[in-house]
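Colleague: Could you walk me through how to read the features of this fold? I would like the general idea of each term before the case itself.

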Amino acid sequence: PSTKGSLRNIKLIRGENELANIDFYEYLLSGKKTDDVQIIRDDIIFIPPREKTVFVNGEINRPLIFELKADEGLIELIKFAGGLKATTDMDIIQIERIIPHEQRSNHNGIDRTLIDVNLNNLYKENKNFPLVNNDKIFFYKISDKVINQVTINGQVNRPGIYALDKNMHLSDLIIKADGLTA
């Protein structure tokens with residue numbers, strides 16, 4: 001199929017009957033050929049246009065364009081995209097959504113909106129979040145800050161960043177830094 005063709009709704013037609021409706025994602029994601037049907041002469045393989053398409057970027061394993069079925073939402077999308085990275089911020093992902101035609105006149109020429117989603121809450125409540133055609137989903141990265149670090153500079157043999165241990169004193173840090181310079 002071209003980039004405009006569906007990979008989720010491929011139809012095998014023989015005569016007047018639709019023999020199979022193939023979801024190619026099952027094969028792409030698992031390598032399994034479920035409901036495989038042998039084709040014969042004069043069969044028609046019909047590939048309709050892609051329907052709900054979403055764009056994924058950021059801290060996810062496969063930042064790509066995905067096609068979703070009508071009942072699929074954010075949870076399925078995360079699965080298709082290979083899951084979250086260890087560095088994904090669970091407190092916020094952001095969805096940029098095009099405002100539907102019938103609602104645009106109320107927004108003074110602004111045709112898009114942002115939606116913040118907390119993945120922790122979504123998983124805790126065991127809910128899915130509905131997505132619509134042309135949504136752009138961005139998965140943010142967690143902070144690079146480290147909670148238990150201390151930096152020592154100046155007249156020490158090994159200046160740098162060290163782990164801040166419980167009940168640590170300045171003298172302990174100087175020992176970690178290989179002592180004072182002469």
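Predicted model: local features only at pLDDT ≥ 70, side-chain atom pairs only at ≥ 80, totals over all residues.

Colleague: In which order do the 5 strands of the open sheet lie?

Modeller: Strands (E, at least two residues) and helices (H or I, at least four) are DSSP runs numbered from the N terminus, and two strands pair if DSSP finds at least two bridges between them. Here the order is 5-4-8-6-7, with mixed pairing. Strand 5 (65–68) and strand 7 (112–117) are the edges, each pairing on one side only.

Colleague: Which partners does strand 4 have, and in which sense does each pair run?

Modeller: Strand 4 pairs with strand 5 in the antiparallel sense over 4 bridges, and a hairpin of 6 residues joins the two. Val54 has Phe66 of strand 5 as its bridge partner. Strand 4 runs parallel to strand 8 (residues 136–141), again through 4 bridges, and Phe55 is bridged there to Lys136.

Colleague: Why is strand 4 described as largely enclosed?

Modeller: Buried means under 20% relative accessible area, exposed over 50%, and partly exposed in between (1.4 Å probe, protein chains only). Of the 7 residues in strand 4 (residues 52–58), 5 are buried, so the rest of the structure largely encloses this strand.

Colleague: What joins strand 6 to strand 7?

Modeller: Strand 6 (residues 88–98) is antiparallel to strand 7, with 6 bridges; Gln94, for instance, has Asp116 in strand 7 as its partner.

Colleague: Is Thr88 buried or exposed?

Modeller: Thr88, in strand 6, is buried, at 5% relative accessible area. The Thr88 side chain reaches the backbone oxygen of Glu59 at 2.5 Å.

Colleague: Which residues form the nonpolar patch on the surface?

Modeller: Areas come from the Shrake-Rupley method with a 1.4 Å probe. Here Ile22, Phe24, Tyr27, Leu28 and Leu29 together have about 420 Å² of accessible area. Helix 1 (residues 24–30) gives the largest share, 4 residues. Ile22 lies in strand 2 (residues 17–22) and is partly exposed at 34%.

Definitions and conventions:
Residues numbered from 1 in each chain as written. Heavy atoms only, no water. Patch = residues over 30% accessible without salt bridge, like charges linked within 9 Å, V, L, I, M, F, W, Y side chains within 5 Å. Salt bridge = Lys/Arg side-chain N within 4 Å of Asp/Glu carboxyl O. Polar contact = N/O pair within 3.5 Å; in protein donor to acceptor, adjacent residues only side chain to side chain.
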